[in-house]
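User: Hi! I'm new to this one, could you walk me through it?
Analyst: Happy to, here it is.
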Amino acid sequence: MAVTLSLVALFGLVLFFLLHSRSLTPGAAFTATGFGFFLASTGAAGPINEMTAAIVDAIPSL
């Protein structure tokens, strides 16, 4: 749960800075957010969460 919250915060911060620097339009940000929201409700959410957790677990051993 903590990994998910920190990733959400990280992606939110990156999205904020991209919007603030005008590197990303509001329409593209809305589309990306909507895609992530709907992707989370599909069967792909489980494998994506497992892959992210595996990567986060592997980082300290690098």
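Analyst: What follows is a short chat about this predicted model.

User: What is the mean pLDDT of the protein chain?
Analyst: The mean is 80, and 90% of the residues reach 70 or more. pLDDT is the predictor's confidence in each residue, from 0 to 100.

User: Where is confidence lowest, and where is it highest?
Analyst: Helix α1 (residues 2-20) is lowest, at a mean of 74, and α3 is highest, at 87.

User: How many helices and strands are there?
Analyst: The protein chain has 3 helices and 0 strands. Helices (H or I, at least four residues) and strands (E, at least two) are DSSP runs, numbered from the N terminus.

User: How does the radius of gyration of the protein chain sit against a compact globule? What is each value?
Analyst: The chain has 14 Å, whereas a compact globule of 62 residues would have a value near 11 Å. The radius is taken over C-alpha atoms, and the globule rule is 2.2 Å times the number of residues to the power 0.38.

User: Switching topic, how many aromatic pairs turn up?
Analyst: A search of the whole structure finds 1. The ring centres of Phe-16 and Phe-17 are 5.4 Å apart and their planes stand at 70°, so this pair is edge-to-face. Rings of Phe, Tyr and Trp (its six-membered ring) pair if their centres lie within 6.5 Å; planes under 30 degrees apart count as stacked, over 60 as edge-to-face and the rest as tilted.

User: And where is Phe-16?
Analyst: Phe-16 is in helix α1. Phe-16 is partly exposed, at 48% relative accessible area, and Phe-17 is partly exposed too, at 49%.

User: What about Arg-22, is it buried or exposed?
Analyst: Arg-22 counts as exposed, at 76% relative accessibility. Arg-22 lies in the loop between α1 and α2 (26-39), and its phi is near 60°, a positive value in a residue other than glycine. Most residues other than glycine have a negative phi.

Conventions. Residues are numbered from 1 along each chain as its sequence is written. This is a predicted model: local features need pLDDT of at least 70, side-chain atom pairs count only at pLDDT 80 or more; totals for chains, interfaces and linings use all residues. Side-chain values use heavy atoms; hydrogens and water are left out. Buried means under 20% relative accessible area, exposed over 50%, partly exposed in between (1.4 Å probe, protein chains only).
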